[in-house]
Amino acid sequence: MASTLFTHVRVFDGSGAAPYFGEVLVTDQRIAAISRDGDTPLSSAARGTGDAGGAGCAGCTTVDGHGATLMPGLTEAHAHLSWPSSVERFVPGMALPLDDLVLNTARNARILLDHGFTSAYSGGSLAKTIEVTLKACIDSGGLPGPRLVASSIEREPPTNNATLDPGAVADHGSGPEAVRAFVRSCAELGAKSVKFNLSGESALKPGASLQLLYSDDEIRAAGEQARASGVWLTGHAHAADAIKMGLRHSFRVLYHCTYADAEAIDMLESGKEQIFVAPTLGIVQATLDAAPPPHFDMRHMKEDARIVLERLGMLVPELVKRGVRVLPGGDYGFPFNPNGRNARDLELFVRHLGFTPTEALVAATRLGGQIMGMGDELGQIKVGYLADLLLVDGDPTQNVALLQDRTKLLAIMQNGRFYKPPRAVR
Ligand SMILES: [Zn+2]
């Protein structure tokens, strides 16, 4: 049994409770024991009999945190690992030759893990089986990367044709049977989630966010086939009718939700046991911040981003008040919003959506475990939970922005093993 004992750590456990000082013992993949202030320290038991209340710590690796924060790893709820740009590599467009696309996607997976994201829920891929293959490589220990809910290719109907459109792809076809066949084929290829652009995207094509891209019959067919095939549906949905369509046909994740009206908000509330919302602020803020070269006109995109940000600033606090699960995750992978910057979404939740740092952290950890479909064993520091942990220099419950600085991540543990060992045990 491989064991690691963290001592002298401030524990943020992901539940939303205030941090406490204590010790955490990891044995194999899971958290085996926790001692809080006032409890008998696990370390004293380890020094004595080698048996910490049955948890067993003889010969375990001890990591003295010196007051650093131990917290659950982060989850990115709207990941696009195959989108080309990252903090390590600028790619001007969205296209890469196939071999480069494949390797770059694996690289982006490693980059997310380097930045503390031990889990990622995919918002769609640029090719059908890249993420399924990547997930198999990660799960077998062959490549570093987050736990991954792999998606198929992003899907929208053949008529839509935008210039920066990463989702315009082969295998087009209209009508319920074509959509049904598409969902079935993605499931057969091993995807866990299937992504549909239910409405368009005004940032790419003026007015498109308010246009539905599918008929109700098509999306009903998608919902029926998803249930039959055991896959989850994920929707890009700005328009109120797109949100309602997704909710009617058992979508599990909806992105943006910008133009939710009163009825859509009510429906989100009544579906709150099944639905996850990622408003996707990263791309919005990056659009506002971008200083493009003169030949690249972003005026329209910036105007759209201003509207989206204003609406989400009103909508999201209302959703949260009603108990809807809202998670960080922000379309990282565009040239001006690169993969690796993902933790910025937490700060944006605080700055624009009325979250406290602790609430943003809970959304990225406890709710992260839930969106991964593993809420009973992932996303919190609790006995029995999987040990996906970050050791952070400082207190993110006071300043959530410090998670954007990867040098503050003193250690990254995934599944009980150090991906990034702390300096003392390197
Ligand atoms: Zn997206």
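## A tour from the zinc site to the core

Start at the zinc ion: along the sequence, its donor residues follow the spacing H-x1-H-x250-D. This is a predicted model, in which local features need pLDDT of at least 70, side-chain atom pairs count only at pLDDT 80 or more, and totals for chains, interfaces and linings use all residues. Residues are numbered from 1 along each chain as its sequence is written, and side-chain values use heavy atoms, leaving out hydrogens and water.

**Stop 1: the zinc ion.** Select His-78 (NE2), His-80 (NE2) and Asp-331 (OD), the protein donors, which lie 2.0 to 2.2 Å from the zinc ion. Donors are N, O and S atoms within 2.8 Å of the metal (3.2 Å for Na, K and Ca); water is not among the atoms, so sites may look incomplete. His-78 sits in strand E6 (residues 74-79) and Asp-331 in the loop between strand E13 (325-326) and helix H10 (344-353), so this pair ties together parts 253 residues apart in sequence. Helices (H or I, at least four residues) and strands (E, at least two) are DSSP runs, numbered from the N terminus. Both His-78 and Asp-331 are buried (under 20% relative accessible area, with a 1.4 Å probe and protein chains only).

**Stop 2: the largest nonpolar core.** Now select Phe-196, Leu-198, Ile-243, Leu-254, Leu-268 and Leu-403, the residues with the most contacts inside this core of 106 residues. Such a core is a set of buried Ala, Val, Leu, Ile, Met, Phe, Trp, Tyr and Cys residues joined through side-chain atoms within 4.5 Å. Helix H9 (residues 299-321) gives the most to this core, with eight residues.

Conventions. Buried < 20%, exposed > 50% of the residue type's maximum accessible area, 1.4 Å probe, protein only.
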